[in-house]
Amino acid sequence: MSANKPLPDGPDWTFDLLEDYHQAIAEVAKLYRLDTYPNQIEVITAEQMMDAYSSVGMPIGYNHWSYGKKFIQTEQTYKRGQMGLAYEIVINSSPCIAYLMEENTLPMQALVMAHACYGHNSFFKNNYLFKTWTDASSIIDYLVFAKNYISECEARYGVDEVEEVLDSCHALMNYGVDRYKRPSPISMEEEKSRQQARTEYLQSQINELWRTIPTKQKDETLKSVKFPASPEENILYFIEKNAPLLETWQREIIRIVRKISQYFYPQKQTQVMNEGWATFWHYTIMNHLYDHGQITEKVLLEVLHSHTSVVMQPEYNSPYYSGINPYALGFAMMRDIRRICEHPTPEDCRWFPDIAGKDWLETLHFAMHNFKDESFIAQYLSPQVIRDFKLFTLHDDDKKPYLEIDAIHDEQGYQDIRSALSAQYNLSNIEPNIQVYNVALRGDRSLTLRYVPHQGIPLADSLDEVLKHLHRLWGFEVVLEQVNPSGKVEILGRCPPAP
Amino acid sequence: MAHFIDRRLNGKNKSAVNRQRFLRRYKKQIKEAVSDAVNQRSIQDLEASENISIPQRDINEPFFHQGQGGDRQRVLPGNDQFTKGDKVERPPQGQGSGSGDGDASDSGEGQDEFQFNISKDEYLDILFDDLELPNLQETDVDQLIEYKTSRAGFTNDGVPSNINIVRSLQSSLARRIAMGASKRSRLRELTTRLEEARNDPHCPQQDIVALEQEVEELKKMLAAIPFIDTFDLKFNNFVKTPVPSTQAVMFCLMDVSGSMDQATKDMAKRFFLLLYLFLTRSYEKIEVVFIRHHTQAKEVDEHEFFYSQETGGTIVSSALQLTKEIIEERYPPSQWNIYAAQASDGDNWADDSPKCRQLLDKHLLPAVRHYSYIEITSRAHQTLWHEYAELSQQYANFAIRHVKHAEEILPTFRDLFAKKVA
């Protein structure tokens, strides 16, 4: 291998050169046992990239004004030079679709292929969340089905009608997710036939014939029945199944939005890991290629140049600071795991007795397979990384007039920082906990939701607007209550507003 | 292993539908922004693309999220000065050292306006939404003079240059088959009989000779069928179809007497410009004739029209007379769609006004598609307005409006060309 001449170093790329690079990268990836879906690499223009951006990375999206808005926003920030476009977008599907922008130079394309086609791709295929919650082989089919179904609805019921339902669904999109139950993947044909079956079933429900069957008898009426029996966290699911006035097609649209939301749910929970993993691999693969004389110094330097800007972490008081950079943190942690395995210090042996000195590749694969951001940080954030990042925790209690530093990067602080950072990636701390609590079955059919604040953090003002959307879907009064730590329940809002 | 696909060739504007949905949804706000722009921005920019800004709150997509306050712990990088237990003053709201889990753009220095650019076409679409050119359908079909030549199948006669070779040879072939069919089958029959006769030793010689003769004759007749006949010739057929005339001429008439100041002229210019833009949407080619007048009328170029200052009295009929002459000379109404717009502050010699009315009534109004008169003044109407008002009762294509302020121009314009509900 090393006797071979290195690959040409661009800067211009051709499809033949991409193939050559891809070949080389694939061989290295195999060496490191990166198990991936087949790759489908698509070269696109900047405009198409913005398209992909605005449809939140769905390769096929139904039409909705909000995507138009996002496109305009992206286009503007891009044109003003406030934002560079990402070099790549990768889609969790099988084959795994990766977009390369045509403006990239050859070394950049190589970097992107290593990053997306082997880093992200293997993550999608092997991380437990993705394995449990998404089905890569059916997602494209499902998106096609969704697009067609929605445009059919638009033709049949009018663009405005459909838009209203979609608006409302989007407002509740974060609450269309099953956090614990496991859906089973189905193909497009199955999806279609099921959808038909659902339609027919619902039609049969309104058949006049059924009305002659006697209704249930007495005694139940006396008890005050609570429905649902236990609170339901998946609000969209609850509405799809139980909203009294919705038509079949509206239920189907809710279902579509909910499914798509569910598909993206694992990505939200694995940002740091996913990006860290992909960044670690483009770094490792490109260095490996260089070490074996397959790429020139020129290519490596260009790759490192953009690599370093990707993993830059500005300090808390820098004007560029906007939270912790998932690329930086993820990459640092992945490298640190390798370091702990290869060159453990006494400190590492104390903190990580089970991985210090073990096979690094094995350890890293295990970490990638079995964790999400929250648990990954709780498990693997080492004192070394905390020191490198100079992490500290800031306690902001609105009852006190000052902010307090709880822990810094020292011996007493490591554990606190680790749990605080882990909690920061716990979605249930970030997304307000709102669940369907009750429906007044015997009364006015009003729907009651309950918000349980996390550490006294109130709900933002947007709640009134969201309640309007919820009311549109439910069709009857909607009430949002807040349960205070004392157990007292207060009403946050209702739609339509109380007279 | 890996597929490479070149998607660059795929259609552009994949999200055009989404963009249209967006514009459609915010039509009301965008319309307001556009008409504000028309009224306030400088005239030169009218035709360019337009920056639109609509309030951010209108386009927010609401969702449940955490608000400010509560008891939070954040992890931040880059500790440079703190030790455990340090107390820091709370920074003022909005500028926060937030760790990005909030809604900084909603509460902080986020944009209040959502700004974006719409193209010239989208801009004009919105500007002239719901407007139409009046009287367009009624007259345009019977007055057309322009023709367009188009193919219309095939015909049996024509000039040699229009011969359609394929069709001609097709019919030649058909004719040859048809004319020779019976002879060829007879020929086949005779040939077999001749063959039999030759093989039959008992067959008399003269029978064979007779058969041979007949075969010869048939062959000659077959050869005599002409390869191509005038009868076969097919010609491409062309017909002329009348098409609605796509050219228009627009007359801008303006009073430049001393009483018209620059502000009034600006308002007039806005009106002319709107009309011009509106016409460009219906016609491919538009000529503009500028006529200004005080006591005498003169055809001038655009710059002189808007910017040169004259003094003196006002005789409106001079401009109308000149318009009439120019129409007669250069723009026959049978070939041109004629539009005219007149702007004035209403001053005129009292005894000239009836003359104006007469000119319009007899010559101009029958010839033009539409004639609009706007009077830009804050004073009482004078004789010209009264004469015109009477006339506008009689003619559907004559409209007069009174404008006082610049911001009334667009509403007036919209009012003039509003779609009439049938």
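Visitor: How many residues does the contact take from chain A and from chain B?

Guide: Keep in mind that we're looking at a predicted model. Both chains give residues to the contact, and each side has its own count. The tally is 78 residues from chain A and 52 residues from chain B.

Visitor: Which helix gives the most to the side of chain A that touches chain B?

Guide: By class, that side of chain A has 37 nonpolar, 26 polar and 15 charged residues. One helix, with eight residues, gives the most to it. That's helix α3 of chain A, residues 65–79.

Visitor: What is the strand order in the open sheet that has strands from chains A and B?

Guide: Let's build it from the pairs. Strand β4 of chain A (392–397) is joined to β3 of chain B (71–76) by six bridges. Strand β5 of chain A (402–407) is joined to β4(B) by three bridges. Put together with antiparallel pairing, the four strands come in the order β3(B)-β4(A)-β5(A)-β4(B).

Visitor: And which strands sit at the edges of that sheet?

Guide: An edge strand here is one that pairs on one side only. Neighbouring strands of the sheet are turned by 30° against each other on average, ignoring direction. The two edge strands are β3 and β4 (87–89) of chain B.

Visitor: Which residue of β3(B) is the bridge partner of Thr393(A)?

Guide: We want the pairing of β4(A) with β3(B), where the strands run antiparallel. In the other cross-chain pairing, β5(A) with β4(B), the strands also run antiparallel, and Tyr402(A) stands opposite Glu89(B) there. For Thr393(A), the partner in β3(B) is Val75(B).

Visitor: Which helix lies across β4 and β5 of chain A together with β3 of chain B?

Guide: Look for a helix running at about 110° to β3(B). Its residues 414–424 belong to chain A. The helix is α18(A).

Visitor: Are α16(A) and α18(A) roughly parallel or antiparallel?

Guide: The axes of α16(A), residues 373–380, and α18(A) come within 8 Å and cross at roughly 170°. An angle over 145 degrees counts as roughly antiparallel. So α16(A) is, relative to α18(A), roughly antiparallel.

Visitor: Which helix gives the largest share of the side of domain 1 of chain A that touches domain 2?

Guide: The domain assignment puts domain 1 at 15–127 + 270–305 and domain 2 at 316–428 in chain A, and their C-alpha centres lie 26 Å apart. The contact takes 14 residues from domain 1 and 17 residues from domain 2. On the domain 1 side, the elements giving two or more residues are α4 (106–126) and α11 (271–291) of chain A. The largest share, eight residues, comes from α11(A).

Visitor: Is Arg33(A) buried or exposed?

Guide: Find Arg33(A) in the loop between α1 (15–31) and β1 (39–44) of chain A. Its phi is near 60°, a positive value in a residue other than glycine. Arg33(A) has 10 inside 10 Å, so it counts as exposed.

Visitor: What is the phi of Gln455(A)?

Guide: Gln455(A) lies in the loop between β7 (447–452) and α20 (463–474) of chain A. With 13 other C-beta atoms within 10 Å, Gln455(A) is partly exposed. Most residues other than glycine have a negative phi. Gln455(A), though not a glycine, has a positive phi of about 50°.

Visitor: Where is Pro95(A), the residue joined to Ser94(A) by a cis peptide bond?

Guide: The bond from Ser94(A) to Pro95(A) has an omega of about -5°. Another cis bond runs from Cys495(A) to Pro496(A), with omega near -5°, and Pro496(A) is in the segment after β9 (489–495) of chain A. As for Pro95(A), look in the loop between β2 (88–91) and β3 (96–101) of chain A.

Visitor: What share of chain B is buried?

Guide: Chain B has 14 helices and 13 strands. Of its contacts between residues at least 6 apart in sequence, 80% join residues at least 24 apart. Out of 422 residues in chain B, the buried share is 25%.

Technical notes. Residues numbered from 1 in each chain as written. Chains lettered and ligands numbered in written order. Predicted model: local features only at pLDDT ≥ 70, side-chain atom pairs only at ≥ 80, totals over all residues. Axes fitted to C-alpha atoms, helices over the stretch in contact; angles between N-to-C directions. Parallel < 35°, antiparallel > 145°, perpendicular 65-115°, else oblique. Domains from an automatic or database assignment. Contact = placed C-beta atoms within 7 Å. Buried ≥ 20, exposed ≤ 12 C-beta atoms within 10 Å, placed from the backbone. Nonpolar A, V, L, I, M, F, W, Y, C, P; charged D, E, K, R; others polar. Pairing = 2+ DSSP bridges.
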